[in-house]
Structures are given as C-alpha cells and as structure tokens.
Amino acid sequence: VFWAQKCDIAEELDRLQTHVNEVQATLKKGGALGRRLDFLVQELHREANTLSSKALTSDMTYHAVEIKVLIEQIREQVQNLE
C-alpha cells in the first residue's frame, strides 16, 4: 500500500497544474502581482519537492530537478517585481 501511494503522483500533478493556471490568471489580471506570485511560486516548489521525493527512477528524478530549476528561475523574476 505504501509503495502504491508513493508511485501515485496524480494529485501532485493536478496541484501543479492548478498553480500554473492561477499564475497565468494572475498575470492576465495585472496590478500588484509580487506577493501573490511569490506565494504561488512557493506552492509550485512544494509540489515539485513532493514529486522529487516520490521519484522512483532516475528519469523521474531528472525531470523533477528540471521543474525545480524552472521554478527557481520564475522565483528570481518574481522577486524583481517587488
């Protein structure tokens, strides 16, 4: 049962997609973006960390690290907004 839970990343992928959608909606809305985007980036990073911890293959680990690198690049850009 534990192994099956560890393999199931559907919930994390759903949450990642939800956060990406919210980032897009926030950018379209405009206005004061910094704090909201910073919060969303933190949430993206949290989900990426969970995905990374559930990685069972080196390929999954590679992709999880790539996601984390991209999220960190976004975080750097968001910090420039504040």
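**Close-up views of a predicted helical model**

**View 1. The largest nonpolar core.** Eleven residues form this core: Leu16, Val23, Leu33, Leu37, Leu40, Val41, Leu44, Ala48, Leu51, Ile71 and Val78. H3 is the top contributor, with 6 residues. In soluble globular proteins, nonpolar side chains tend to be buried together. The model shown here and in the other views is predicted.

**View 2. Confidence along the chain.** Mean pLDDT for the chain is 89. A score of at least 70 is reached by 91% of the residues. Among the elements, H2 has the highest mean, 94. Helix H1 (residues 2–7) has the lowest, 63.

**View 3. Helix H2, end to end.** H2 covers residues 10–29, a run of 20 residues. From first C-alpha to last, the helix reaches 29 Å. That is close to the 28 Å expected at 1.5 Å a residue. Glycine 30 follows H2, and its phi is positive, near 75 degrees.

**View 4. The two sides of H2.** Glu12, Leu16, His19, Val23 and Thr26 are buried. Seen down the axis of H2, these buried residues fall within an arc of 85 degrees, so they line one face of the helix. They pack against H3. Two of them, Leu16 and Val23, also belong to the largest nonpolar core. On the other side of H2, Asp14, Lys28 and Lys29 are exposed.

**View 5. Alanine 25 in H2.** Alanine 25 lies within H2. Is this residue buried, partly exposed or exposed? Its relative accessibility is 38%, so alanine 25 counts as partly exposed. Glutamate 72 is 47 residues away from alanine 25 along the chain. The C-alpha atoms of the pair are separated by 20 Å.

**View 6. Isoleucine 71 and its contacts.** Isoleucine 71 is a member of the largest nonpolar core. Leaving out residues up to four places away in sequence, isoleucine 71 touches Val41, Leu44, His45 and Ala48. Val41, Leu44 and Ala48 are core members too.

**View 7. Arginine 75 in H4.** Arginine 75 sits in helix H4 (residues 58–81). Why does arginine 75 count as buried? Its relative accessible area is 16%, and buried means under 20%. Which residues does arginine 75 touch, beyond those up to four places away in sequence? The contacts are Asp38, Val41, Gln42 and His45. Val41 and His45 are also touched by isoleucine 71.

Definitions and conventions. Residues are numbered from 1 along each chain as its sequence is written. This is a predicted model: local features need pLDDT of at least 70, side-chain atom pairs count only at pLDDT 80 or more; totals for chains, interfaces and linings use all residues. Side-chain values use heavy atoms; hydrogens and water are left out. Helices (H or I, at least four residues) and strands (E, at least two) are DSSP runs, numbered from the N terminus. Buried means under 20% relative accessible area, exposed over 50%, partly exposed in between (1.4 Å probe, protein chains only). Contact means heavy atoms within 4.5 Å. A nonpolar core is a set of buried Ala, Val, Leu, Ile, Met, Phe, Trp, Tyr and Cys residues joined through side-chain atoms within 4.5 Å. pLDDT is the predictor's confidence in each residue, from 0 to 100. The expected span of a helix is 1.5 Å times one less than its number of residues. The arc is that of the directions from the helix axis to the C-beta atoms.
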